[in-house]
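Here is a short briefing on one protein chain. Have a look at the sequence and the model before reading on.

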Amino acid sequence: TKKFEKAIRKHDPTEIRRAIDKIGTSSGHEHKLRGEYKGEMAIRTSRGGRIIFHYQDSNTIVLDDYKPAHNY
């Protein structure tokens, strides 16, 4: 999404790509979110960074947002 594209500017693209590649595998430590992002998922990019996403269907993942610090 445009929000995701804007959020990842000036951040390490290698780190973000590595995390995106782990989505859907058991090695990514995906977890469901509550509160503001209820119904969405998150995956770690670093100690504090998270990619917020959701599954549109079983074969489509939508990247919604990126949070460089663990404060969502």
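Predicted model: local features only at pLDDT ≥ 70, side-chain atom pairs only at ≥ 80, totals over all residues.

Residues are numbered from 1 along each chain as its sequence is written, and side-chain values use heavy atoms, with hydrogens and water left out.

**Sheet**
- Helices (H or I, at least four residues) and strands (E, at least two) are DSSP runs, numbered from the N terminus.
- An open sheet holds 4 strands in the order β1-β2-β3-β4, with antiparallel pairing; two strands pair if DSSP finds at least two bridges between them.
- β1 (31-32) and β4 stand at the edges with a single partner strand each, so one side of each has no neighbour in the sheet.
- 2 bridges join β1 to β2.
- His 31 has Ala 42 in β2 as its bridge partner.

**Core**
- The largest nonpolar core has 11 residues, including Phe 4, Ile 16, Ile 51 and Leu 63.
- A nonpolar core is a set of buried Ala, Val, Leu, Ile, Met, Phe, Trp, Tyr and Cys residues joined through side-chain atoms within 4.5 Å.
- Buried means under 20% relative accessible area, exposed over 50%, and partly exposed in between (1.4 Å probe, protein chains only).
- Helix α2 (13-22) is one of the elements that give two or more residues to this core, and α2 gives the most, with 3 residues.
- Leaving aside neighbours within four places in sequence, Phe 4 is in contact (heavy atoms within 4.5 Å) with residues including Ile 16, Ile 20 and Tyr 66.

**Salt bridges**
- The structure holds 3 salt bridges, each a side-chain nitrogen of Lys or Arg within 4 Å of a carboxyl oxygen of Asp or Glu.
- Lys 3 pairs with Asp 65, with the closest N and O atoms 3.6 Å apart.
- This pair links helix α1 (residues 2-7) to strand β4, 62 residues apart.
- Lys 3 is partly exposed at 49% relative accessibility, whereas Asp 65 is buried at 4%.
- Asp 65 also meets Lys 67 (3.4 Å, N to O).
- Shared partners join Lys 3, Asp 65 and Lys 67 into one network.
- Asp 21 and Arg 17 form a salt bridge too (3.5 Å, N to O); they sit about one helical turn apart in helix α2.

**Two single residues**
- Asp 64, in strand β4, is buried yet has no salt bridge.
- The nearest side chain of opposite charge to Asp 64 is Lys 3, 8.1 Å away; Lys and Arg count as positive, Asp and Glu as negative, and His and the chain ends are not counted.
- Lys 22 lies in helix α2 and is partly exposed at 35% relative accessibility.
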